[in-house]
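Visitor: I would like to learn how to read a protein structure. Could we take it feature by feature?

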Amino acid sequence: MSGTEEQVRERFVTGGGGVRLCVAEYGDAELPTVLLLHGYPDSKEVWSDVAALLADRYHVVLYDVRGHGRSAAPEPLKGGFTLEKLTEDFLAVADAVSPDRPVHLVGHDWGSVQGWEFATVGRTEGRIASFTSISGPCLDHFGHWIRRRVRRPTPRRAAQVLGQGAKSWYVYALHTPVLPELAWRGVLGRQWPKLLARVEKLPADSYPTASLPEDAAHGAWLYRDNVRQRLGSPRPDAYAHVPVQLITPTGDAFLSERLYDDLERWVPQLTRRTLPAKHWVPRSRPNQLARWIADFVTAHEFGGGPGGTAAAGTAAAAVPGVRGKAGDGARQRFGGQLVLVTGAASGIGRATAFAFAEAGARVIAVDRDTEGAARTAELARLIGAPDAWPETVDVSDAEAMEKLAARTADVHGVPDVVVNNAGIGLAGAFLDTTPEDWKQVLDVNLWGVIHGCRLFGRQMVERGQGGHIVNTASAAAFQPSRALPAYSTSKAAVLMLSECLRAELAPHGIGVSAICPGIVNTPITGSARFAGVSEEEQDRRRARSARLYGLRNYPPEKVARAILHTVQRNTAVVPVTPEARGARLLSRLSPGALRAFARVDPPL
Amino acid sequence: MDDGLGDGLDGFRRVQRLAYAIAEAVAAELRPGMTERDAARAMRVRAREQGVRDWFHLPFAWFGDRTAFTGFKVPLQFFPTGRRLEPGMPFILDMAPVHEGCTADIGYSGSLGPNPLQERLMADLREHRELILREVRERRPLRAIYQDVDRLMARQGYANRHRAYPFGVIAHKVDRVSDRRWSPRVAGFGTQALKGLASDALHGHREGWSPLWSPYRMSDHPPHPGLWAVEPHLGFRGTGAKFEEILVVTETDAYWLDDELPHVRRWSDADTDAVVSTAAVTGADTDAVTDTQTDAARGAGAAA
């Protein structure tokens, strides 16, 4: 990164009212311009990570908002921070860095509030190609949002207003005279970096810059000059004249997700994204932001056509199975993410790979069956994955898994979601089960999961940008049975491993879930081994169990849907089929009943 | 029975070609906003113009995710609905006209504008056509062939959607139908044709075979001589594709009645393109074609 920082070019541009603004440029000025605008209390350096990631493909421009960082403050401060004056600043910078072509605007926090102003007023038309909004609503939309809820209150609407009202405590605080300035220049300014690191879990490094106390003191006027005026009398015509990508961090302590419910009214071309993170995503999730920004910019760079949204629309039309609210939610969450699924050549793994592909994720399909994995990857591309790759790996082979992890990180980056799904079946009495049988089932079912968690968990922790690991356990993990001692043991171990790992990785923002499907119609019955019986009997029992599973006929697609849900909601343990739910419930309420059931010898 | 068909095959070939020609013509006329009922009506009108007076079953048209029978619970859902065609949507036209006493039953899959997924499904149906013919020639029990088709579908990653047809059939017998001036229809099926099927079912029941090629025990017998309308139907996440054409089964051999059909032509065109473009292998399409070839080669290898 330091290498890229050397290529940063800084210069000063005169904005509205003669205020000198400090502008930083990355990358080739001939490339499309992406302008990143910081929030409060920040300076342009909040974007350093994202800018460095985008600099090889775009001309990336940052500037310090007036009164922040190395830009000058207006004189007097009062009335110097109105959105009209900020618009003049933006136009001056845009004209200086990209005189001939419109810029792609990205705003975080107050940068996004400003961005909404630029994207909705007439003066800037033709100067903006696209707008990506992160954690900053349009004040006019916000005003209308409150009005609608106050004028026609229902319990839900009242709760929404009160909830956002509570989250906005700091806005009221900033409206008190003098005190905020004193606090920022005093103890708050000194403690702020530590506070951020603790509460927002941000990396403690060189940011925030030394100018923070002054920036924060000046920036209080952003609120005082605009909030009351705009919320009190919002513009009636705040329609966006550019395509907008809205990125909503779901763990934002300052803004409710509900704020954007009415947004389709104001934005004809809206793409929504959700990110499980707290407020400061430019610093906590730079890779994900850079990818979404790049995708959106690329889609709208040529001709400003419907681009990305249209592409997403066609994909949805071609795949009506994912229409509707659940499909939308999954697409907003997983679009462009990197998902690795093991055991992806058939059954639950294949269905999971397809479900993620439909949600627009990039998929790595891992299986020891080369042909099956290739097939999964190929079909995944056809149903909406921007890209998909097959990998032939036996998950029980530690060395092969290490190579896979290294190759994945090199070629595609760190996976956002890993599904350790590969597993084999082994039935038969404990006394009939040979040590070789045990080794085989534990190697795949347990060691495969251990390797997956170990290698990709480490990658996720080192990247420090969150992630999710899903391990496929089984209803057999809590339902004892005399027929499946080895299999149940391996799956119980997976369940406990997931629970422990969940506790360990939670501070890193990495979720771990165990999914317990139950009886699902997959080819696992066709390859399962039955310990202690002859070869003909093997085949007969396989056919018989395949038939029973076929009669139960619970489709793997439903398990795949449950897995996507699990990741979205970060659930710890998820039984899927009704029998799995029942067994889970009984294991807590009346384990004796399960023990009695465990003695039944299934008729096979 | 075999003798009766020997010289009459031309009539079946003619009506099968006629039906495919009608399907192709209607497919070419489909526009965004047209409903399944519009398409079914267009097929019926054209067939009538060509002299079709009786039907084995009336034309069906399925659009969008109905091509994969998504959410089908009762047979009534097969009938054409008001579902409107949108750009990129897959569709299937299916009809079984009777012409000069000969029955054909055809299924034509296509899409309004390019739909790479359905094209992939269609390309993958080729392997099924080869598998079915090969195994019928080996005179394997029909039920076993059905299961092999199922396995191939699972390997390809698709769902078996012919399972949704009545009795889950992958094929059924078609035969001559006597020309009556008046042939009423029951639930879209011509009574004359149903009569033939019922009489076959009765004979079959006595002799241990069934005119319906199903996954059940009633199909656990070697292929019965006669004409079989074979209709493997693939489904994949809301997109479906099928073909349907007549397979001629004799006491010792089997062959497809006609190789000059749209889907077969499409495959052979793809082969020619692949040969032409071997010099410069570029682009995803060519790759797909090469894949198909490898698949086919693998299928052939399995046969040997």
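This is a predicted model: local features need pLDDT of at least 70, side-chain atom pairs count only at pLDDT 80 or more; totals for chains, interfaces and linings use all residues.

Visitor: Which residues make the contact between helix 17 and helix 18 of chain A?

Guide: From helix 17 of chain A, they include Met401(A), Leu404(A) and Ala405(A). From helix 18 of chain A, they include Gly448(A), Leu455(A) and Phe456(A). By class, the residues of this contact of helix 17 with helix 18 of chain A divide into eight nonpolar, five polar and two charged.

Visitor: At what angle do helix 3 and helix 4 of chain A pack?

Guide: Helix 3 (residues 83-97) and helix 4 (residues 110-120) of chain A pack at about 85°, and their axes are 10 Å apart. That angle makes helix 3 of chain A roughly perpendicular to helix 4 of chain A. Leu83(A), Leu86(A), Thr87(A) and Phe90(A) of helix 3 meet Trp110(A), Gln114(A), Glu117(A) and Phe118(A) of helix 4. This contact of helix 3 with helix 4 of chain A has five nonpolar, two polar and one charged residues.

Visitor: Now sheets. What is the order of the seven strands in the open sheet of chain A?

Guide: Strands of a sheet pair through backbone hydrogen bonds, either parallel or antiparallel. Here the order is 11-10-9-12-14-15-17 in chain A, and the pairing is parallel. Strand 11 (388-392) and strand 17 (573-575) of chain A are the edges, each pairing on one side only. From one strand to the next, the twist averages 15°. Helix 19 (residues 485-505) of chain A packs on this sheet, touching strand 14 (467-472), strand 15 (510-516) and strand 17 of chain A. The direction of helix 19 makes about 160° with that of strand 15 of chain A.

Visitor: How many bridges join strand 9 of chain A to strand 12 of chain A?

Guide: Three bridges join strand 9 (residues 338-342) to strand 12 (residues 417-420) of chain A, and the two run parallel. Look for Leu340(A), which stands opposite Val418(A) in strand 12.

Visitor: And chain B? How many helices and strands are there in chain B?

Guide: Chain B has eight helices and 14 strands. Of its 304 residues, 55% count as buried.

Visitor: Is strand 4 of chain B largely enclosed or exposed?

Guide: In a regular strand the side chains alternate between the two faces of the sheet. Check both faces of strand 4 of chain B: Ile106(B), Tyr108(B) and Gly110(B) are buried on one side, and Gly107(B), Ser109(B) and Ser111(B) on the other. Six of the six residues of strand 4 (residues 106-111) of chain B are buried, so the rest of the structure largely encloses this strand. Strand 2 (residues 90-99) of chain B runs antiparallel to strand 4 of chain B and is joined to it by six bridges. Ile92(B) stands opposite Ser109(B).

Visitor: Last, a single residue. Is His172(B) buried or exposed?

Guide: His172(B) is in strand 6 (residues 171-174) of chain B. Its relative accessible area is 6%. Buried means under 20%, so His172(B) is buried. Among the residues that His172(B) touches are Phe56(B), Trp228(B) and Glu231(B). His172(B) and Glu231(B) are 59 residues apart along the chain, yet their C-alpha atoms are separated by 8.6 Å.

Methods
Residues are numbered from 1 along each chain as its sequence is written. Chains are lettered from A and ligands numbered from 1 in the order in which they are written. Side-chain values use heavy atoms; hydrogens and water are left out. Two strands pair if DSSP finds at least two bridges between them. Helices (H or I, at least four residues) and strands (E, at least two) are DSSP runs, numbered from the N terminus. Axes are lines fitted to C-alpha atoms, for helices over the stretch in contact, and angles run from 0 to 180 degrees between N-to-C directions. Contact means heavy atoms within 4.5 Å. Ala, Val, Leu, Ile, Met, Phe, Trp, Tyr, Cys and Pro count as nonpolar, Asp, Glu, Lys and Arg as charged, and the others, Gly among them, as polar. Buried means under 20% relative accessible area, exposed over 50%, partly exposed in between (1.4 Å probe, protein chains only). Angles under 35 degrees count as roughly parallel, over 145 as roughly antiparallel, 65 to 115 as roughly perpendicular and the rest as oblique. Lists of a residue's contacts leave out its neighbours within four places in sequence.
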